[in-house]
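Morning, everyone. Please bring up the model and we'll walk through a few points.

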Amino acid sequence: MAIAQSALATIGNTPMLELTHFDTGPCRLFIKLENQNPGGSIKDRVALSMIEQAERGGKLQPGGTIIEATAGNTGLGLALVAALKGYRLTLVVPDKMSREKIFHLRALGANVVLTRSDVGKGHPAYYQDYAQRLADDTPGALYIDQFNNPANPAAHTATTAPELWRQMDHDVDAIVVGVGSGGTLSGLSRYFAEVSPATRFVLADPAGSILADYLDSGNVTEAGSWLVEGIGEDFVPPLSDFRQVAAAYRIDDREAFTTARQLLQSEGILAGSSTGTLLAAALRYCRAQTEPLRVATFVCDSGNKYLSKMFNDRWMQEQGLLATSQFGDLRDLIAYRHDENAAVTAAPDDTLAVVHARMRLYDISQLPVLDNDRLVGLIDEWDLLHTLQADAGNFRLPARQAMTRQVQTLQKDADPQALLATFNHGHVAVILDGERFLGLITRTDVLNAWRQKLR
């Protein structure tokens with residue numbers, strides 16, 4: 001391969017992989033690794049196409065400002081291209097976006113504006129309406145508008161589709177896609193209508209999105225909510241072309257996340273949440289067939305953008321998406337159980353510097369101090385402040401000299417009402433089994449448990 005002179009030259013020509021560790025029924029299932037693009041997703045293609053089309057059309061001048069509404073990956077692609085081409089970029093994003101994406105965007109120099117993810121089109125806080133209004137109020141700014149920009153599907157007609165067709169040796173029976181802006185489906189459909197009209201398209205749609213219902217009935221229904229990022233909509237995107245879609249599958253968050261996690265464990269591919277939706281639909285489609293077919297789908301983006309969410313057991317449990325052992329007592333409310341090696345603790349001889357570092361690393365404000373699984377104290381931020389205020393050198397002191405030794409505890413079979421009494425006194429609940437430490441319960445843990453019951 002030739003040595004590229006710019007990261008932009010490495011966009012596209014992503015590899016294809018056949019999955020061999022999943023039950024694919026009579027079919028062979030292939031995935032195109034779009035996470036190998038320099039920005040980590042298939043949207044790098046779209047971003048480059050839209051910006052270069054705007055340059056050719058004179059809509060974007062050197063040093064100009066680009067504004068866009070995005071659920072994440074288009075924004076990352078735009079941030080990459082804008083940074084390398086010298087454009088300013090403002091992105092309006094819904095607040096369900098993973099923090100890794102936001103950190104990535106800001107690291108590339110983008111101005112990130114967070115808005116609500118619980119409102120629909122027409123509401124002033126809806127991310128697309130917000131971005132359009134911001135562009136109207138910014139002199140000389142270009143609202144690049146992936147949802148109505150023909151350069152979006154054109155990117156896939158010109159690059160993604162012919163690559164896939166060539167890699168599949170001109171033999172592909174079905175392609176499983178998701179719809180966010182509609183660009184991937186429409187761009188691929190346009191190409192395959194010419195080279196292989198018999199190729200079927202299968203829609204993978206998050207449960208809660210309206211698109212599968214629209215495809216089945218022709219009616220726009222009321223949208224629900226979903227946690228998967230980047231695909232599914234509460235309206236029909238103007239760019240979407242469903243004429244070649246033969247089937248649609250509704251995939252809920254649990255199935256999407258579980259499938260993406262399985263992809264990493266079984267095939268070694270770290271993929272994002274939308275990939276979990278596509279792969280789950282592709283597996284359903286393959287297993288429903290009675291004859292061998294060659295089916296392709298996409299790893300839309302990299303899972304490193306979801307390490308704090310989908311690949312975080314704690315987050316999955318908070319969302320009610322990962323089952324844990326239930327005991328029918330206070331243990332069910334412990335988020336980080338000590339018997340599962342999940343609790344963050346300190347030893348009596350750990351220095352206060354170590355204690356402080358653990359608090360920062362795990363974003364917590366108190367640590368139980370254990371000696372051979374037996375609770376001997378509790379140390380929190382106030383204990384640190386009280387001990388360190390006189391001399392910062394006290395960071396070298398052991399935890400035993402700063403911890404609180406008189407700790408109120410509850411046995412695992414205590415009345416749940418005792419939790420509220422503990423919280424009323426400003427304490428976390430320390431749960432024991434006899435003298436054995438089990439874990440802590442905070443107000444947030446209880447609220448999360450109640451929210452899961454509501455679901």
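Which strands do the buried residues of helix 4 pack against? Keep in mind that this is a predicted model. The partners are strand 3 (65–69), strand 4 (88–94), strand 5 (111–115) and strand 6 (142–143).

Now the helix itself. Helix 4 covers residues 127–136. Its buried residues are Tyr127, Gln128, Ala131 and Ala135. Around the axis they span an arc of only 100°, so they sit on the same side of helix 4. An α-helix has 3.6 residues a turn, so residues three or four places apart point the same way.

Next, the cysteines. How many disulfides are there? The count is zero. Take Cys27. Its closest cysteine sulfur is in Cys286, at 4.2 Å. The cut-off for a disulfide is 2.5 Å between the sulfurs, so that pair is too far apart for a bond.

Last, the surface. Which residues form a nonpolar patch there? Leu420, Leu447 and Trp450 do. Together they have about 320 Å² of accessible area. To find Trp450, go to helix 14, residues 443–454.

That's the tour. Over to you for questions.

Terms used: Residues numbered from 1 in each chain as written. Predicted model: local features only at pLDDT ≥ 70, side-chain atom pairs only at ≥ 80, totals over all residues. Heavy atoms only, no water. Patch = residues over 30% accessible without salt bridge, like charges linked within 9 Å, V, L, I, M, F, W, Y side chains within 5 Å. Areas by Shrake-Rupley, 256 points an atom, 1.4 Å probe, with all protein chains shown as cover. Salt bridge = Lys/Arg side-chain N within 4 Å of Asp/Glu carboxyl O. Helix = DSSP H or I, 4+ residues; strand = E, 2+ residues; numbered from the N terminus. Buried < 20%, exposed > 50% of the residue type's maximum accessible area, 1.4 Å probe, protein only. Arc of directions from axis to C-beta. Contact = heavy atoms within 4.5 Å.
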